[in-house]
Amino acid sequence: MLLNNKLLISVAGSGKTTYLVRSALRIKDPLLITTFTEANEKEIRKKFCEINGHIPANVTIQTWFSFLIQHGVKPYQGSVFTEKINGLLLVNEASGIKFTTKTGIKVQYSEAEEFEKHYFSKNGKIYSDKLSKFVIRCNEKSGGLVIKRLAKIFKNIYFDEVQDLAGNDLELLKLIFKTNIKTILVGDPRQVTYLTHNERKNSQYRDGNIKQFILDKCSKYCMVDEQILRYSHRNSAEICGFSSLLYPEFEKSRPCECCECRSGINDHSGVYLIKSTDIEKYCLEFNPVVLRHQLAVEPEWNFGNCKGLGFDRVLIYPTGPIRDFLKTGLLTKKVKDRSGSIKEKYSLDRAKFYVALTRARYSVAIVCDYDENDIFISGLKKY
């Protein structure tokens, strides 16, 4: 059976955006490309201009939240809520909290009994983590008109960075799969630096487990391809090998062998530890882009915000947990939960560190004031 929908599992630097843009340029019917971050939306627009000179009239590019508001909330909002919605409120944790128990458990307002407080802030803005669920309610109450309307507008929908979708976003994917819309989803399960929300719905498919969601829930409608985007056209072999240490459960990333990708002159490659006293000298010699976990000041980048971008060389300011990993190679630690049980927990934000490492084509320098006798994991050089 020929399936309309395809999930492409990729690695960093595999050319996800280029693949989507080139695929889109072969399509003449109305086509939507959606992604989670505004930075990646801009990168898609930039890629169209680089390859084609302009964005074709049949192509619409917008962020996931913007897409949900325009095509999910506005057309049929009245079927579930008649008051004015005053925009979107971005939240980083569960919203609509009624109270917190003595043990620290946050209890939300009930959707059934306290609908407005469940979905909206005091000033009438819809919570970002409830947006896709609200769209699903609109679709249910309107007799499926939200999805039917979408299928009339777009013949094709491409999802970039699909690993960032979660919860009811995945339920929306299922509804779209069942239409005649042709979809392509691309994502790297190692790069879950954002989640659209943190609800219990489909929680087993968080942290980049989109492939398993497709296999479990959507195998009749969507195929999985792990071959097309399996090679990195950006990262050197040393960077591929070192970044793969963060995700031993996945196949190791490998560099492509394209002559065009590997033709650049390079006299400094690999992953280095650099002392803070050598930073000025190093920057003068190699001009790396500086990456920080947070609080970056332009032209520096935060780890999460630089996703989708590529540079010749980067200089990373690591967090304490990252420095510990460089010495021990341990990704997890044992912690006690609220009940007193011992559980394994990731000791560092490996997704954001993976993103930072894989921005570089040739070399990565990690700031670390080491002693000459200090021992580190394999794959690191001392500058």
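**Loops, helix packing and aromatic pairs in a predicted model**

Me: Is Lys 220 buried or exposed?
Reply: The relative accessibility of Lys 220 is 63%. The cut-off for exposed is over 50%. Lys 220 therefore counts as exposed.

Me: How many Å apart in space are Lys 220 and Lys 178, C-alpha to C-alpha?
Reply: In sequence, Lys 220 and Lys 178 are 42 residues apart. In space, the distance from C-alpha to C-alpha is 9.4 Å.

Me: Are H7 and H8 oblique or roughly parallel to each other?
Reply: The axes of H7 and H8 come within 12 Å and cross at roughly 50°. Angles under 35 degrees would count as roughly parallel, and 65 to 115 as roughly perpendicular. H7 passes H8 in a right-handed crossing. On the angle, H7 is therefore oblique to H8.

Me: How many charged residues does the contact of H7 with H8 have?
Reply: From H7 come Leu 170, Leu 173, Lys 174 and Phe 177, and from H8 come Ile 210, Phe 213, Ile 214 and Lys 217. By class, this contact of H7 with H8 has 6 nonpolar residues and no polar ones. The number of charged residues is 2.

Me: Why are H5 and H7 oblique to each other?
Reply: Helix H5 (residues 131-141) packs against helix H7 (residues 168-177) with the axes 8 Å apart. Angles under 35 degrees count as roughly parallel and 65 to 115 as roughly perpendicular. H5 and H7 are therefore oblique, the angle being about 40°.

Me: How many polar residues are in the contact of H5 with H7?
Reply: H5 passes H7 in a left-handed crossing. Ser 132, Lys 133, Val 135, Ile 136 and Asn 139 of H5 make the contact with Asn 168, Asp 169, Glu 171, Leu 172 and Leu 175 of H7. Sorted by class, the contact has 4 nonpolar and 3 charged residues, and the number of polar residues is 3.

Me: Which aromatic pair has a centre-to-centre distance of 4.9 Å, and is it stacked or tilted?
Reply: The count comes to 16 aromatic pairs. One of them is formed by Tyr 282 and Phe 286, with 50° between the planes. Planes under 30 degrees apart count as stacked and over 60 as edge-to-face. The pair of Tyr 282 and Phe 286 is therefore tilted.

Me: Which helix holds both Tyr 282 and Phe 286?
Reply: Tyr 282 and Phe 286 lie 4 residues apart, about one turn of the helix. An α-helix has 3.6 residues a turn, so residues three or four places apart point the same way. Tyr 282 counts as buried at 0% relative accessibility, and Phe 286 counts as buried at 13%. The helix that holds both is H10 (residues 279-286).

Me: Where does the cis peptide bond of Pro 299 lie, and what is its omega?
Reply: Pro 299 is in the loop between strand S14 (289-292) and strand S15 (301-302). The cis bond joins Glu 298 and Pro 299, and omega is about 15°.

Me: Is Leu 295 buried or exposed?
Reply: Leu 295 lies in the loop between S14 and S15. Its phi is near 65°, a positive value in a residue other than glycine. With a relative accessibility of 71%, Leu 295 counts as exposed.

Me: Is Asn 202 buried or exposed?
Reply: Asn 202 has a positive phi of about 55° although it is not a glycine. Its place is the loop between strand S9 (182-187) and helix H8 (210-217). At 9% relative accessibility, Asn 202 counts as buried.

Note on methods:
Residues numbered from 1 in each chain as written. Predicted model: local features only at pLDDT ≥ 70, side-chain atom pairs only at ≥ 80, totals over all residues. Heavy atoms only, no water. Axes fitted to C-alpha atoms, helices over the stretch in contact; angles between N-to-C directions. Helix = DSSP H or I, 4+ residues; strand = E, 2+ residues; numbered from the N terminus. Parallel < 35°, antiparallel > 145°, perpendicular 65-115°, else oblique. Left-handed = near helix turned anticlockwise from the far one by under 90°. Contact = heavy atoms within 4.5 Å. Nonpolar A, V, L, I, M, F, W, Y, C, P; charged D, E, K, R; others polar. Phe/Tyr/Trp six-rings, centres within 6.5 Å; stacked < 30°, edge-to-face > 60°. Buried < 20%, exposed > 50% of the residue type's maximum accessible area, 1.4 Å probe, protein only.
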